[in-house]
Amino acid sequence: MIKNIFDRYSQLLFYGFCLSILLFLLKWLEWKFLIIDNSLDIYIGLIALFFTMLGVWVAKQLTGQKVKTIIVEKTVERTIHEPTDAIAMEQFNLTPRERDVLMLILLGKSNMEIAEQLFLSISTVKTHVSNVFVKMEVKSRTQVMEKAKRLRIMAY
């Protein structure tokens, strides 16, 4: 049956085959002339693409994973002393964290040292110190120490 179809349409198939070869030849010649006419532009584009890829690769190599997470474990010793006069302490209505900050202020610690000891940021410590000042109605650390001594909040 296939042979019968091939015999009937052999001239048509031969003509189609010749046209496809001719079309292939014309496209190949067109491509060849296109490359010859625009070879400089094509080469420049390929070189630019190569160096762009090379630059991206080098940048990735230079800026690789530089962030490393290090977990540090350390024991914390609380050196915050309890107030000697709890009743005097209650009148200021301080939160537990503000009490901790007050005790460290009375020990003469700086904001940085308080932040390190209580594991807080410096801005949080400054907020707590400001709240302590407002609640104790003082304006400086010296006045806090003087008021604490007067009210016997902490033994020295």
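Read along the sequence, the protein follows the pattern α-α-α-α-α-α-α-α. The model is predicted.

Biologist: How many helices and strands are there?

Modeller: The secondary structure comes to eight helices and zero strands. Of the 156 residues, 19% count as buried.

Biologist: What makes α5 largely enclosed by the rest of the structure?

Modeller: Buried means under 20% relative accessible area. Eight of the 11 residues of α5 are buried, so the helix is largely enclosed. Among them are Val 101, Leu 102, Met 103 and Leu 104.

Biologist: Is Asp 100 buried or exposed, and how do you know?

Modeller: Asp 100 has a relative accessibility of 15%. The limit for buried is under 20%, so Asp 100 counts as buried.

Biologist: Why is the contact of Asp 100 with Arg 97 called a salt bridge?

Modeller: A side-chain nitrogen of Arg must lie within 4 Å of a carboxyl oxygen of Asp. The closest N and O atoms of Asp 100 and Arg 97 are 3.9 Å apart, so the pair counts as a salt bridge. Being three residues apart in helix α5 (residues 96-106), Asp 100 and Arg 97 are separated by about one helical turn.

Biologist: Why does Arg 97 count as partly exposed?

Modeller: Arg 97 has a relative accessible area of 31%. Partly exposed lies between the 20% limit for buried and the 50% limit for exposed, so Arg 97 falls in that class.

Biologist: What makes Glu 98 and Lys 135 a salt bridge?

Modeller: Their side chains meet at 2.8 Å, N to O. The cut-off is 4 Å, so this pair qualifies. The bridge links distant parts of the chain, with Glu 98 in helix α5 and Lys 135 in helix α7 (residues 122-136), 37 residues apart.

Biologist: How accessible are Glu 98 and Lys 135?

Modeller: Glu 98 is at 4% relative accessibility and so counts as buried. Lys 135 is at 32% and counts as partly exposed.

Biologist: Which helix holds both Glu 146 and Arg 150, and how do you know that they form a salt bridge?

Modeller: Both lie in helix α8 (residues 141-150), four residues apart, about one turn of the helix. Glu 146 is partly exposed at 43%, whereas Arg 150 is exposed at 52%. By this rule the count comes to three salt bridges.

Biologist: Why is α5 called roughly perpendicular to α8?

Modeller: The axes of α5 and α8 come within 10 Å and cross at roughly 95°. Angles from 65 to 115 degrees count as roughly perpendicular, so the term applies to α5 and α8.

Biologist: Which residues meet where α5 contacts α8?

Modeller: Leu 102, Ile 105 and Leu 106 in α5 meet Arg 141, Val 144, Met 145 and Ala 148 in α8. By class, this contact has six nonpolar, no polar and one charged residues.

Biologist: What follows α5?

Modeller: Gly 108 follows α5, and its phi is positive, near 85°.

Biologist: How many aromatic pairs are there, and what makes the rings of Phe 50 and Phe 51 edge-to-face?

Modeller: The structure holds one aromatic pair. The ring centres of Phe 50 and Phe 51 are 5.2 Å apart, which is within 6.5 Å, so the rings pair. Their planes stand at 75°, over the 60 degrees required, so the pair is edge-to-face. Phe 50 and Phe 51 are both exposed.

How values were computed
Residues numbered from 1 in each chain as written. Predicted model: local features only at pLDDT ≥ 70, side-chain atom pairs only at ≥ 80, totals over all residues. Heavy atoms only, no water. Phe/Tyr/Trp six-rings, centres within 6.5 Å; stacked < 30°, edge-to-face > 60°. Buried < 20%, exposed > 50% of the residue type's maximum accessible area, 1.4 Å probe, protein only. Helix = DSSP H or I, 4+ residues; strand = E, 2+ residues; numbered from the N terminus. Axes fitted to C-alpha atoms, helices over the stretch in contact; angles between N-to-C directions. Parallel < 35°, antiparallel > 145°, perpendicular 65-115°, else oblique. Contact = heavy atoms within 4.5 Å. Nonpolar A, V, L, I, M, F, W, Y, C, P; charged D, E, K, R; others polar.
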